[in-house]
Structure formats: structure tokens, C-alpha cells
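The sequence and structure come before the details.

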Amino acid sequence: QVQLVESGGGLVQAGGSLRLSCAASGSIFSISTMGWYRQAPGKQRELVAFITSGGTTNYADSVKGRFTISRDNAKNTVYLQMNSLKPEDTAVYYCNSKIRLTIVSGTRDYWGQGTQVTVSS
């Protein structure tokens, strides 16, 4: 059984910073891409950033220059450092990992439970 456990959300004032973490655990053969998505009330879930196993990163235009994604492959953990936060960053943040359970199995998506980030003006 694979689990993704997120931490680090909370309430912060505009201009502040938060760091999210997401650790994958269980019987895992390999993890390719790891990423963060967010969903604000009344809106669709959107991609915030992702990072490949080789370290290539990609960001949504709305967070470029403010957010940094990183990962620790030894710990199966992905991080999202969020600086210069804005009220429009308020959302539930979900981590996603593309995981292969065995050497012969395909890759499938796993999701965290979500962590609330609230930015006050």
C-alpha cells in the first residue's frame, strides 16, 4: 500500500513563506515525476509545479519566480518552497507522484490527502 503524506500548510500573511513536504511510503520500486497541484474553492485543480526524477522542473506561470520545487530521492519526498505568497495562492495543495510498484508494473498516479494553504491580505 502506497501512501503520500503531506505537511506544512497553514495560514500566512501576504508576502510570507511556507514550505510544503510530501513523503511517499510503502512498497515502491521507483518514482518518476513528482508534483504539486492546487484547487481553490469553485475552481478546477491546476498544476503548480513538477519535477522529474532527473531534476528537471516546470512551473505554472502564476508561481514562477516565487515557488521552488525540489525532491530528495533517497527519502521519496518532494518539497514546495513558497515565497512572496499572495491571497490568490489560497487553495488546498495536493502532491502527486507517478509510482511504479514493481519492475514489471506500469506507472500510476498517487495523490496526497491535501493540505490547506491560506494567505491573508
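A residue is called buried under 20% relative accessible area, exposed over 50%, and partly exposed in between, with a 1.4 Å probe and protein chains only as cover. Lys98 is partly exposed by this scale, with a relative accessible area of 28%. The model is predicted, so local features need pLDDT of at least 70 and side-chain atom pairs count only at pLDDT 80 or more, while totals for chains, interfaces and linings use all residues. Residues are numbered from 1 along each chain as its sequence is written, and side-chain values use heavy atoms, with hydrogens and water left out.

**Strand pairing**

Strands (E, at least two residues) and helices (H or I, at least four) are DSSP runs numbered from the N terminus. Two strands pair if DSSP finds at least two bridges between them.

Strand 4 is antiparallel to strand 9, and eight bridges join the two. In this pairing Gln39 stands opposite Val92 of strand 9. Strand 4 also runs antiparallel to strand 5 (residues 46-51), with five bridges; there Gly35 has Phe50 of strand 5 as its bridge partner. Six residues lie between strand 4 and strand 5 in a hairpin, and Gly42 in the turn has a positive phi of about 75°.

Strand 9 (residues 91-100) pairs with strand 10 (residues 107-111) through five bridges, again in the antiparallel sense. The hairpin that joins strand 9 to strand 10 has six residues. Across this pairing, Lys98 stands opposite Asp109 in strand 10.

**Salt bridges**

A salt bridge is counted when a side-chain nitrogen of Lys or Arg is within 4 Å of a carboxyl oxygen of Asp or Glu. This rule gives five salt bridges.

| Asp61 | Lys64 | 3.1 Å |

Asp109 is partly exposed, with a relative accessible area of 35%.

Are Asp89 and Arg66 buried or exposed? Both are buried.

Asp61 lies in the loop between strand 6 (57-59) and strand 7. Asp61 counts as exposed because its relative accessibility is 63%.

**Rings and a nonpolar patch**

A charge is said to sit over a ring if NZ of Lys or CZ of Arg is within 6 Å of the ring centre and within 35 degrees of the ring normal. Arg19 lies over the face of Tyr79, 4.1 Å from the ring centre. The charged end of Arg108 is placed over the ring of Tyr110, at 4.2 Å from its centre.

Patches are made of residues with over 30% relative accessible area and no salt bridge, where like charges are joined within 9 Å and nonpolar side chains (Val, Leu, Ile, Met, Phe, Trp, Tyr) within 5 Å. Accessible areas come from the Shrake-Rupley method with a 1.4 Å probe; for residues, only the protein chains shown count as cover. Phe29, Ile103 and Val104 make a nonpolar surface patch of about 360 Å². Phe29 is in the loop between strand 3 (18-25) and strand 4 (30-39), and is partly exposed at a relative accessible area of 45%.

**Positive phi in loops**

Most residues other than glycine have a negative phi. Asn76 has a positive phi, near 50°, and lies in the loop between strand 7 (67-72) and strand 8 (77-82). Its relative accessibility of 25% makes Asn76 partly exposed. Ser84 also has a positive phi near 50°. Ser84 is in the loop between strand 8 and strand 9, and counts as partly exposed at 42% relative accessibility.
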